[in-house]
Each structure stands twice: as C-alpha cells, then as structure tokens.
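Dear colleague,

My findings on its packing follow it.

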Amino acid sequence: MAKMERQKKKHERESQTLFQEARDIALAYVSRRARSAHEVVQRLEQKEFSEEVIAEVLSELERLRFVDDYAYARRWIEARIDKAAGARKMAQDLRRKGIAVDVIDELLSEYSAQLENPDRAVELLRKQAWRYRSLEREKAQRRMLGLLVRRGYDGRTAWESIEHVWKEIEEDEV
C-alpha cells in the first residue's frame with residue numbers, strides 16, 4: 001500500500017514538473033509576440049509533450065489571457081487592414097493560424113466595408129500598371145485578375161477594379 005502511494009506521489013510530481021516545463025516553454029513562446037492557441041499547441045507538440053499536459057497549459061494561458069484567439073485575430077486583421085488584400089486572403093491566413101471559422105466570419109463581417117472596398121484593389125492595380133501597359137487587353141486583364149484573386153478579392157470587386165484601371169491605362173492616366 002505504501003509503495004503504491006509513493007508511486008502515485010512520484011507520478012504526480014513528474015506530471016507537475018512536465019506541466020511547469022511546458023508552461024515555461026509556452027510562456028516564453030507567447031512573450032515574443034501574440035500567438036493563437038493553435039500555434040501554442042503546435043509548439044508544445046513539437047517539444048513532444050502529452051495531450052493532457054498541452055491541454056492543461058493551454059487552459060492556464062487562456063485563463064490568464066495570454067492566449068485569446070478572438071483578440072489575436074482582431075489585432076492581426078487591424079495590423080493588415082491597410083495592406084492590399086481582400087477578405088478571402090485574410091480568412092485563409094487566419095485559418096492557417098488555427099483561428100475558428102466562426103471567429104473569422106464575425107471579425108471579417110465587422111471589417112467587410114474596408115476589406116471589400118474596390119478602391120483598395122484599384123490602388124493595387126495602379127501600382128502594378130507598368131506591368132500591363134505593353135500587353136494586349138485580354139492578357140493584361142487575365143494577369144490583373146490573377147493578382148487580385150491571389151490577394152483575396154472577390155470576382156465582382158476584381159472585375160470592377162480591372163475595368164477601371166484598364167480605362168486609365170488606355171487613356172494614359174496611370
């Protein structure tokens with residue numbers, strides 16, 4: 001009986017030590033920059049901690065608000081809102097970081113007016129207009145469409161922007 005109790009206590013100490021080690025690694029990881037819960041889990045899995053230890057550490061970090069996917073996604077979008085990228089690209093990048101789809105949808109709907117603004121796509125195409133001047137209309141528009149789709153713009157916004165910029169190119173305004 002005493003042997004079993006000693007083994008149980010030893011196992012508890014080992015579990016606590018593993019938890020503390022994992023927590024220290026996770027705290028160091030989130031102290032460098034904000035991280036999503038998925039990124040923290042990946043880091044701890046990389047260090048080969050058990051699922052139970054990872055779950056405990058993640059719960060602790062969330063309780064202390066060191067890891068908050070909603071706040072992380074909001075800051076991530078706000079930091080990139082002025083870059084020339086559409087909602088689809090933002091959603092794709094956030095999914096890669098392990099942010100839940102419902103959080104992404106909520107935040108992107110909040111910022112949809114800014115993200116789907118055709119002026120952003122037009123400005124991007126204006127900056128790249130030198131690439132398209134010497135090309136035939138169809139080839140230039142195909143390349144412009146590719147650029148905008150890769151940047152996450154929807155088809156309607158892309159085509160409106162392409163038509164607008166192509167007219168400027170034809171009139172030598174860009």
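A nonpolar core is taken here as a set of buried Ala, Val, Leu, Ile, Met, Phe, Trp, Tyr and Cys residues joined through side-chain atoms within 4.5 Å. Please bear in mind that this is a predicted model.

In the largest such core there are 17 residues, and those with the most contacts inside it are Leu125, Tyr132, Ala140, Met144, Leu148 and Ile169. At least two residues of this core are supplied by each of α8 (118-127), α9 (129-132), α10 (137-150) and α11 (155-170). The largest share, five residues, comes from α11.

Leu125 deserves a separate mention. Neighbours within four places in sequence aside, leucine 125 is in contact with Tyr132, Met144, Leu147, Leu148, Ser161, Ile162 and Val165. Apart from this core lies another, of 16 residues, with Ala73, Ile104, Leu108 and Tyr111 among them.

I also examined how α8 and α11 pack. Their axes come within 9 Å and cross at roughly 45 degrees. Because angles from 65 to 115 degrees count as roughly perpendicular and those under 35 as roughly parallel, α8 is oblique to α11. The crossing in which α8 passes α11 is right-handed.

On the α8 side, the residues that meet α11 are Pro118, Ala121, Val122, Leu125 and Arg126. Their counterparts in α11 are Thr157, Glu160, Ser161, Ile162, His164, Val165 and Glu168. Sorted by class, this contact has six nonpolar, three polar and three charged residues.

With kind regards

Key:
Residues are numbered from 1 along each chain as its sequence is written. This is a predicted model: local features need pLDDT of at least 70, side-chain atom pairs count only at pLDDT 80 or more; totals for chains, interfaces and linings use all residues. Side-chain values use heavy atoms; hydrogens and water are left out. Buried means under 20% relative accessible area, exposed over 50%, partly exposed in between (1.4 Å probe, protein chains only). Helices (H or I, at least four residues) and strands (E, at least two) are DSSP runs, numbered from the N terminus. Contact means heavy atoms within 4.5 Å. Axes are lines fitted to C-alpha atoms, for helices over the stretch in contact, and angles run from 0 to 180 degrees between N-to-C directions. Angles under 35 degrees count as roughly parallel, over 145 as roughly antiparallel, 65 to 115 as roughly perpendicular and the rest as oblique. A crossing is left-handed if the near helix is turned anticlockwise from the far one by less than a right angle, and right-handed if clockwise. Ala, Val, Leu, Ile, Met, Phe, Trp, Tyr, Cys and Pro count as nonpolar, Asp, Glu, Lys and Arg as charged, and the others, Gly among them, as polar.
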